[in-house]
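Hi,

Here is the structure I promised to pass on. Have a look at it first, and my notes on what turned up follow below.

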Amino acid sequence: MRNNFVSRFPDGTSRNWRDWRWQLRHRVTSLSALAGILERPVGDGAELRRLMSLYPMAITPYYLSLIKPDDDQDPLALQCVPDTREVECSADLADDPLGEDRSMPVPNLVQRYPDRVLAIVTHRCATYCRHCNRKRFWKTSQASSWKSRLTAMVRYVSETPKIREVILSGGDPLMLDDASLEWILSAFASIPHVEVLRIGSRVPAVLPMRITGNLCRILKRYRPLWFNTQFNHPAEITPDAARACNRIQEAGIPVSNQSVLLQGVNDSPDAMQDLLNGLQKMSVRPYYLFHCEPARGCNHFRTDVRTGLKLMEKLHQRCSGLALPQYVADLPGREGKVPLWPLSQPIKNALRKHQDFFDNFE
Ligand SMILES: *Cc1c(COP(=O)(O)O)cnc(C)c1O
Ligand code: SF4
């Protein structure tokens with residue numbers, strides 16, 4: 001943490017800094033607070049405020065402390081500070097390009113494969129990622145309680161014997177408190193045909209203090225449990241993040257990483273190589289590198305597929321096989337996650353069929 005950074009927040013003591021609830025209470029959600037803490041102007045107020053009424057901002061003090069304030073292209077700032085391009089260059093894109101909302105047998109439970117379901121257990125996140133493909137949910141307030149929503153999901157899974165894996169996602173499931181999370185894990189784990197649980201959470205990168213001893217004791221009881229996180233840039237790999245991953249691993253839970261390929265953030269071979277090597281050093285397995293989806297509000301982050309393929313060629317030469325993720329595009333309909341590299345004929349056919357998902361790749 002930069003010197004004196006913590007003292008820019010009310011009750012900013014190093015003890016409070018390590019408390020995840022304090023971090024959440026002190027998230028930066030207004031442009032004036034952001035400018036004050038970064039000690040620099042942060043762009044056109046009126047336009048950004050309009051944008052933030054559509055896509056709110058929230059950044060944990062921890063994540064903010066990793067931003068270099070004098071770099072207006074800082075790769076972490078690009079991921080969390082609102083940008084007018086979110087509305088300017090995305091107007092014609094779909095809110096929900098994968099059609100998730102049409103693939104919900106019960107509200108908030110997405111099923112796109114017969115054997116796996118993805119439970120959106122909350123819409124909240126510690127830090128809102130500007131590139132989020134589910135940013136359509138950020139402003140949706142949920143009418144029902146989480147328990148009644150989860151009860152309907154648990155009932156559906158228990159009545160559907162083909163489902164062997166349940167993924168807790170969101171939003172960020174680790175926004176729930178330990179007791180609620182344990183209720184959910186235990187409800188799914190007690191269904192006889194559910195063999196494996198998975199948690200998808202960005203908390204190790206944006207709020208590593210959430211990974212407490214108590215949380216890990218709970219998680220440990222629900223193995224086999226797989227933890228997928230999201231680091232997108234080497235500057236996110238800090239001693240705090242490494243400690244968080246290590247705690248999860250010490251509970252006997254493998255940690256894998258899903259990055260999103262983001263223009264200006266990690267689309268250079270050097271940044272991606274440092275990220276992958278950094279993950280490997282934390283024993284975190286790079287799992288997927290997602291081609292950025294054409295979701296409304298995310299267009300300025302998208303690279304073309306050719307950039308992604310060239311990047312994979314370079315990484316293949318430079319990185320350990322253990323550090324190499326699968327470069328995939330999530331496609332609507334039956335295709336699901338399609339590996340893009342190495343580029344084969346069936347993949348070319350899938351790309352041709354979904355031209356709207358890609359710039360010309362040939
Ligand atoms: C990504 C995803 C999964 C998991 O896919 P894997 O390839 O097993 O990681 C499951 N369900 C939905 C709806 C998904 O989007
Ligand atoms: S943590 Fe995940 S769900 Fe939340 S804003 Fe980031 S990408 Fe979206």
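The lining of the largest cavity is made up of 18 nonpolar, 14 polar and ten charged residues; here Ala, Val, Leu, Ile, Met, Phe, Trp, Tyr, Cys and Pro count as nonpolar, Asp, Glu, Lys and Arg as charged, and the others, Gly among them, as polar. Please keep in mind that this is a predicted model, in which local features need pLDDT of at least 70, side-chain atom pairs count only at pLDDT 80 or more, and totals for chains, interfaces and linings use all residues. Residues are numbered from 1 along each chain as its sequence is written, chains are lettered from A and ligands numbered from 1 in the order in which they are written, and side-chain values use heavy atoms, with hydrogens and water left out.

Back to that cavity. Its volume is about 970 Å³, and 42 residues line it, with Asn133, Arg134, Ser169, Gln258 and Phe290 nearest the centre. A cavity is a set of points, on a 1 Å grid over the protein atoms alone, where a 1.4 Å probe fits but cannot get out; a pocket is an open set with protein on both sides within 12 Å along at least five of seven lines; and lining residues have an atom within 4 Å of a point. Grid points are joined across faces, edges and corners, and a volume is the space filled by probe spheres set on the points.

Strand β7 gives the largest share of this lining, four residues. (Strands, E, at least two residues, and helices, H or I, at least four, are DSSP runs numbered from the N terminus.)

What takes up the space of the largest cavity? Ligand 2 does, in the sense that more than half of its atoms lie within 2 Å of the grid points. Around ligand 2 are Cys125, Tyr128, Cys129, Cys132, Trp138, Gly171, Arg202 and Gln230, each with a heavy atom within 4 Å of it. This shell has five nonpolar residues, two polar and one charged.

Another cis bond runs from Arg223 to Pro224, with omega near 0°; Pro224 belongs to the loop between α11 (213-220) and β5.

The strands form an open sheet of nine, in the order β1-β2-β3-β4-β5-β6-β7-β8-β9, with mixed pairing; two strands pair if DSSP finds at least two bridges between them. At the edges are β1 (109-110) and β9 (336-339), each with a single partner strand, so one side of each has no neighbour in the sheet. Strands β4 (residues 196-200) and β5 (residues 225-229) pair in the parallel sense over four bridges, and Arg198 has Trp226 as its bridge partner in β5.

The largest has a volume of about 330 Å³, and among its 19 lining residues Asp72, Leu78, Val81, Pro82 and Asp83 are the closest to its centre. Domain 1 (6-87) and domain 2 (100-357) each give at least three residues to this lining, the bounds coming from an automatic or database domain assignment. The second largest pocket holds about 210 Å³ of space, and helix α12 (residues 239-250) gives the most to its lining, with four residues.

Best wishes
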